[in-house]
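Hi everyone, thanks for coming.

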Protein chains: 2
Amino acid sequence: MTDFAATKALFHLPEGVIYLDGNSLGPLPRSAPDRMAQVMTREWGDMLITGWNRGGRDSAGWMGQPMAMGDKIGRLIGAEPGHVVLGDTLSVKVYQALASSLMMNPGRKVILSDTGNFPSDLYMAEGLVATRGQDHSLRTVAPEDLADAITDEVAVLMLTEVDYRTGRRHDMAALTALAHQNGAYVIWDLAHSAGALSVDVSGGGADFAVGCTYKYLNGGPGAPAFIYVSPRHADRTPPALSGWLGHASPFAFDLSYRPGAGVERMRVGTPPVLALAALDAALDIWDTVDMQALRAASLRLTDQFIAGVESSCPMLTLATPREHNQRGSQVSFRFAEGYAAMQALIARGVIGDFRAPDIMRFGFTPLFIDQSDVDRAIAILTDVLHNRLWDRPEYRNRAKVT
Amino acid sequence: MTDFAATKALFHLPEGVIYLDGNSLGPLPRSAPDRMAQVMTREWGDMLITGWNRGGRDSAGWMGQPMAMGDKIGRLIGAEPGHVVLGDTLSVKVYQALASSLMMNPGRKVILSDTGNFPSDLYMAEGLVATRGQDHSLRTVAPEDLADAITDEVAVLMLTEVDYRTGRRHDMAALTALAHQNGAYVIWDLAHSAGALSVDVSGGGADFAVGCTYKYLNGGPGAPAFIYVSPRHADRTPPALSGWLGHASPFAFDLSYRPGAGVERMRVGTPPVLALAALDAALDIWDTVDMQALRAASLRLTDQFIAGVESSCPMLTLATPREHNQRGSQVSFRFAEGYAAMQALIARGVIGDFRAPDIMRFGFTPLFIDQSDVDRAIAILTDVLHNRLWDRPEYRNRAKVT
């Protein structure tokens with residue numbers, strides 16, 4: 001059983017702040033600065049280039065970290081060992097998964113997604129379509145219209161499991177099965193799932209999964225992304241971004257590319273060693289977490305928040321599905337004056353965020369948010385709303401969180 | 001005038017080591033750990049998400065750092081202000097430049113490069129060709145055959161200015177002019193130029209330039225890459241990796257992509273804030289450096305090394321051009337037993353590296369290597385070679401650099 005009181009003590013949280021924005025940028029693990037200092041001085045400083053072979057955790061070498069740390073994330077998302085690798089940004093990983101899917105499904109021309117996806121994922125699809133310069137297209141439908149839109153024209157279905165605005169969760173297994181029945185590959189973006197839910201990419205049949213590590217995983221601002229490739233495809237996936245670290249033999253300096261084994265071919269350039277050091281400290285905490293327990297705790301917190309806010313703040317309208325299996329680890333409410341209200345709330349020390357046009361968004365992260373935080377957040381939100389604190393000048397500008 | 005004795009004191013160099021491998025991974029700036037600790041605790045830790053707007057140098061926000069720091073690199077490579085941006089890895093930046101070039105030159109199908117290029121750059125070109133799935137091709141010729149190969153079939157010429165093995169330097173202005181006369185775009189990879197030479201991408205007419213910051217620029221292992229887009233193209237370049245940070249309005253969350261102004265459209269995902277913190281410390285040192293003075297110092301050191309080694313180690317054959325304008329800031333010698341000899345040399349504290357089949361490579365970095373280092377390196381190399389130290393068991397394994 002995971003001890004969430006113990007994990008809370010492992011994070012630095014500013015005094016007086018209730019941080020309900022860990023779904024945007026996770027907080028600092030207290031161990032991360034020392035781990036970083038160690039890597040900078042004892043590894044980069046003292047080992048210099050030999051760090052590539054003998055730096056990093058267990059002196060196993062910086063070079064191996066993207067795979068070793070990938071496995072730690074793999075456990076959190078239900079991946080088979082050896083099938084997740086870290087690197088680049090989520091957008092780049094989306095591009096890789098899309099490009100590989102199109103190349104593996106050459107007779108089809110349509111990338112299908114929905115309007116609940118991150119716009120950034122749609123942008124990457126647009127860029128890929130433009131790069132190919134052929135008759136490919138990106139087709140985007142409403143989330144509820146997906147089942148009808150999965151036709152035999154679709155090369156690849158690209159979805160984000162949890163909607164970044166509403167917190168609505170797709171049924172990964174059902175949509176993946178439907179896509180497979182229609183001959184399409186499926187890419188799942190887990191940006192709001194990894195570290196938030198008990199994800200099962202293997203059981204859900206995902207062909208590819210991608211995600212970032214700076215939200216629920218607490219890897220730090222701009223921390224590296226990850227990509228999962230199903231064992232069904234890992235050794236046959238053509239990599240579009242065929243970089244030297246994905247080469248079968250990077251240091252042979254061959255003039256021609258030969259893809260490395262399995263998901264290693266999804267590596268592109270030199271690993272971001274310093275960024276990985278911070279993430280490594282964050283993953284130490286995750287190593288202690290049971291994902292079923294996390295999900296149960298998340299549902300308790302979100303149920304508590306929904307019930308409390310609905311009973312005391314009738315001016316807000318729940319935007320997140322009420323059913324457990326249809327939502328992630330965030331709760332969103334619609335409110336016409338949501339932007340101003342959120343500024344006032346932040347000024348009062350409850351940090352959530354706002355997404356246009358009217359969404360007040362709150363992320364619940366059991367690693368460092370507990371029931372007493374939720375009670376306090378409800379009380380402060382109630383005060384902000386009933387007293388319209390955003391009408392007072394001192395609450396109009398976003399407060400400094402120091 | 002740059003004071004190179006002063007800059008040397010700003011780096012941590014392990015006791016007893018002469019580090020002639022700063023062209024592979026630059027050493028740790030002494031100020032970098034404190035700068036990193038500051039960013040981790042005072043910014044990530046205390047500011048949390050508000051760091052995006054008020055973290056970073058001068059509290060200008062993490063979000064603006066890729067452009068602000070890009071300008072510091074821009075000065076070192078002769079770029080116009082506002083035309084360099086940081087992010088991703090060099091391989092990703094190569095892909096972006098190649099894809100944009102092909103899209104801007106749609107009637108042509110050939111990417112031209114040479115066998116002196118980094119294999120990794122060639123791999124990325126192969127991947128792009130495969131992604132496009134059309135009749136495009138990568139054509140690779142010997143460096144001396146380039147002039148004849150620049151024909152009206154060529155969409156884009158992609159070259160690395162300084163050959164990573166021999167240190168041979170291409171004539172950027174001449175090759176660029178020839179390519180332009182033939183209607184081709186030119187991409188220059190400055191991985192072994194930025195911080196090594198007085199580069200002039202603007203005067204040289206480059207269409208795109210890319211580079212990494214972990215070699216001569218000392219940004220740390222896996223530090224972010226940079227890309228320059230000429231002002232001639234910056235506002236009309238279609239970005240292939242059309243990520244949300246390259247969008248004209250990233251936080252509007254539009255469902256369609258609209259490219260940002262100028263080189264900002266080459267941004268892809270979330271900036272690597274922690275990696276940028278280390279690089280920021282390194283760039284503080286570069287801010288004090290006059291690039292003409294750096295080049296003069298580099299030539300003095302490399303001349304000294306060539307003369308000393310040639311006079312005392314006749315078994316080595318110089319692989320680097322002797323003429324100043326035809327070489328970068330490294331010196332390479334061919335030696336049949338080069339691999340073993342380099343291991344022994346490293347065991348004696350002189351760190352260079354080896355590139356197959358027979359290249360012993362030495363990088364000269366005036367920021368922290370001086371004439372007395374060169375004298376000592378020559379003396380130790382002479383001892384290693386004349387006494388065949390690699391025949392002794394204690395010199396056979398690569399020494400630990402601690």
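Let's start with where the two chains meet: the contact takes 76 residues from chain A and 76 residues from chain B, where two residues count as in contact if their C-beta atoms, placed from the backbone, lie within 7 Å. Before I go on, this is a predicted model, where local features need pLDDT of at least 70, side-chain atom pairs count only at pLDDT 80 or more, and totals for chains, interfaces and linings use all residues. Residues are numbered from 1 along each chain as its sequence is written, while chains are lettered from A and ligands numbered from 1 in the order in which they are written.

How confident is the predictor? Chain A has a mean pLDDT of 96, and 98% of its residues reach 70 or more; pLDDT is the predictor's confidence in each residue, from 0 to 100. The model also scores ipTM 0.96 and pTM 0.97.

Back to the two chains. How is chain A related to chain B? A rotation of 180 degrees, with 0.0 Å of shift along the axis, puts chain A on chain B with an RMSD of 0.0 Å, which means we have the relation of a two-fold axis. Which residue of chain A comes closest to the rotation axis? That's R132(A), with its C-alpha at 2.2 Å.

Now zoom into chain A and find strand 9, residues 208-212. Strands here are DSSP runs of E, at least two residues, and helices are runs of H or I, at least four, all numbered from the N terminus. Is strand 9 of chain A mostly covered or mostly open? Mostly covered: five of its five residues are buried, and a residue is buried if 20 or more other C-beta atoms lie within 10 Å of its own, exposed if 12 or fewer, and partly exposed in between, with C-beta atoms placed from the backbone. F208(A), V210(A) and C212(A) sit on one side, with A209(A) and G211(A) on the other.

Who are its neighbours? Strand 8 of chain A (185-189) runs parallel to strand 9, joined by three bridges, and W188(A) stands opposite A209(A). Strand 10 of chain A (225-229) pairs with strand 9 in the antiparallel sense over five bridges, with I227(A) as the bridge partner of V210(A). Pairing needs at least two DSSP bridges between the strands.

Key. Copies are superposed by least squares on the C-alpha atoms of residues with pLDDT of at least 70 in both.
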